[in-house]
Amino acid sequence: MDYSITKFLWTLLGLFIVTNWGMLMSSTMRRINARVSGRIGIPWYQPWIDLVKLYSLRTQLTHGTMFYIGPVFRLMGGVGMFLFIPMVYGNPIWSNYSFSGDLVLILYFQFFGMLGMALGASEGGQPYSAIGISRGLSQFTTIEVPMTLAVISLAIQYQTLSISEIVAAQQGGITTWTMWTNPFATVAAMLSLLGAFGHSPFNLVKAPNEIPIGPPTEYHGTFLGVLRTNGAILHVAEAALFMNLFFGGAGSWFELIIKTFLIYFWSVFVGTVFPRFRIEQSVRWFLKVPTIIGIIAIILFL
Amino acid sequence: MEKNNIHKFEELDVDKFLAPENEKRSVLAPDGSIVEIDPLKDYFCQDRPEELKPRSGPVEKFLNWARAESLWVLGFGTGCGSIEIPPLVTPRFDMYRYGVQMRPTPRQSNVFIISGYLSVKTLKRAIRSYEQMPSPKYIIALGSCTINGGMYWDSYNTINRLDHYIPVDVYIAGCMPRPEALLAGFAKLKELIKAGKAENANEYARNFDWYKANQKKIIKDWNMPDFNW
């Protein structure tokens, strides 16, 4: 078979693995949360059942074209991130479609889904959606500041914007990981990761019990199913990005699963301890300590 | 005589209960033309609900299994019985074990727990919420107030039989039933769904006129479209 076709099929298989691992990871984290509060929690297979149910609802209604396209944009953001991140280092099959400037493209894809979702959710006409969108966009703008500073620091350190090359530079034992060679950038990025995952101190976009659930308030059935599928992909893709940038990448799927689990667990760990911020607290928080650490990371490598 | 007639607005042409933002108005469009807007017709769906036939055979069986194992409950407490719902999410009863989860919006929920008496004012909200839920949808009626009015049976402001207004799948008797009874009710509802007997959304569509007539008999300030999802 033609190489481009086999490559495409392998990438689809990778997407399948990532989706399922993301769903398993989310149910595991919900179980961990439940254990912290003394409950047993949902069965580990609950996300799949929820998904089947969402796709099987008989009534679907729309509020207009953008309402349809919103979840598709969001899914594009997740799948786009996945497509350009090398999953397993040194394996041409699992390095997906990464190329020399993919880091910039991925930073863009992080924001892309959010913008599409903003357009779609505001067509739903729910006031709570509008509040959630304004919170989400303003918070994500400030999350981007420390994250971009960390990425620039990495670009100066390794003199490249290719994720594959950054991973290649980290091979050769745990001491060559960016975590040790550039600790300030790692700290700034890991703090901004808390906001990107949207767990507890920074979960004011969806803010359950406060603004019902923010942007997806009007979404149901298949729309919500698409959003949930994207959530699973996006979480693994984001964790895989940080694994590649700061923690030496993965030599196999097993290593990827362990590392993404630990990176995701970091945000859940913080989330079970701290209550929710208000939007002005969250925005100020990101612009203080993480931003200063990010600036230090750049100054050190100038 | 007229003073005692609490429903006197019914006889007037003007709807005194209509919210200002729902009044008819004309708006000047950018091209200079004048557009008539009737929010009750433009912003809400006026179509009657339709019967949506289930799929046949093992496919529907599988989907019913998924629907039964993933019950999303609308977080809307209507009477004193809603105090029995919070314990369900705490360690002692933990309904998440059974695939029952709370959802904050009617669009994403399948189960509506009418938890106790329904005052006339709340009935209106309950109907709107029920009609916004996507089909297939189920109703659990909690407490004796929903069966025959319970201790409010001769109250001037509450309804007595819930299933005259919206179709009920499972009744849980008691005043108040404990959370265990509610869990048993969920188990019963799961049985019904898996057996394909929980098709009350279609029942509602089939007897739509009867339900609407009953609802309008009670709700005097009917200032919403007849079918508003």
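The model is predicted.

**Chain A as a whole**

Chain A has 12 helices and zero strands. From the N terminus on, its elements therefore read α-α-α-α-α-α-α-α-α-α-α-α. The radius of gyration of chain A is 19 Å, close to the 19 Å that the globule rule gives for 302 residues, so chain A is as compact as a globular protein of that length. The C-alpha trace spans about 55 × 55 × 40 Å along its principal axes. Of the 302 residues, 48% count as buried. Taking contacts in chain A between residues at least 6 apart in sequence, 78% join residues at least 24 apart.

**The contact between the chains**

Chain A brings 28 residues to the contact, and chain B brings 19 residues. On the side of chain A that touches chain B, helix 2 (46-55) and helix 9 (221-246) each supply at least two residues. Helix 2 of chain A gives the most to that side, with five residues. By class, the side of chain A that touches chain B holds 13 nonpolar, 10 polar and five charged residues.

**Helix 1 against helix 9 in chain A**

Two packed helices are described by the angle between their axes and the distance between the axes. For helix 1 (residues 3-36) and helix 9 of chain A, the axes come within 8 Å and cross at roughly 95°.

The contact of helix 1 with helix 9 of chain A has eight nonpolar and five polar residues, and no charged residues. Helix 9 of chain A also supplies at least two residues to the side that touches chain B.

**Backbone sites to check**

Most residues other than glycine have a negative phi, and most peptide bonds are trans. The table lists sites that depart from this.

| Site | Feature | Value |
|---|---|---|
| Ser135(B)–Pro136(B) | cis peptide bond | omega about 0° |
| Cys175(B)–Met176(B) | cis peptide bond | omega about -15° |
| Gln159(A) | positive phi | near 55° |
| Asp94(B) | positive phi | near 45° |

Pro136(B) sits in the loop between helix 3 (120-132) and strand 6 (138-142) of chain B. Met176(B) lies in the loop between strand 7 (170-172) and helix 5 (179-194) of chain B.

Gln159(A) is in the loop between helix 5 (127-158) and helix 6 (163-169) of chain A. Gln159(A) has 9 other C-beta atoms within 10 Å, so it is exposed; the cut-off for exposed is 12 or fewer. Asp94(B) is placed in the loop between strand 3 (71-74) and strand 4 (100-103) of chain B. Asp94(B) has 20 other C-beta atoms within 10 Å, so it is buried; the cut-off for buried is 20 or more.

Technical notes
Residues are numbered from 1 along each chain as its sequence is written. Chains are lettered from A and ligands numbered from 1 in the order in which they are written. This is a predicted model: local features need pLDDT of at least 70, side-chain atom pairs count only at pLDDT 80 or more; totals for chains, interfaces and linings use all residues. Two residues are in contact if their C-beta atoms, placed from the backbone, lie within 7 Å. Helices (H or I, at least four residues) and strands (E, at least two) are DSSP runs, numbered from the N terminus. Ala, Val, Leu, Ile, Met, Phe, Trp, Tyr, Cys and Pro count as nonpolar, Asp, Glu, Lys and Arg as charged, and the others, Gly among them, as polar. Axes are lines fitted to C-alpha atoms, for helices over the stretch in contact, and angles run from 0 to 180 degrees between N-to-C directions. The radius of gyration is taken over C-alpha atoms; the globule rule is 2.2 Å times the number of residues to the power 0.38.
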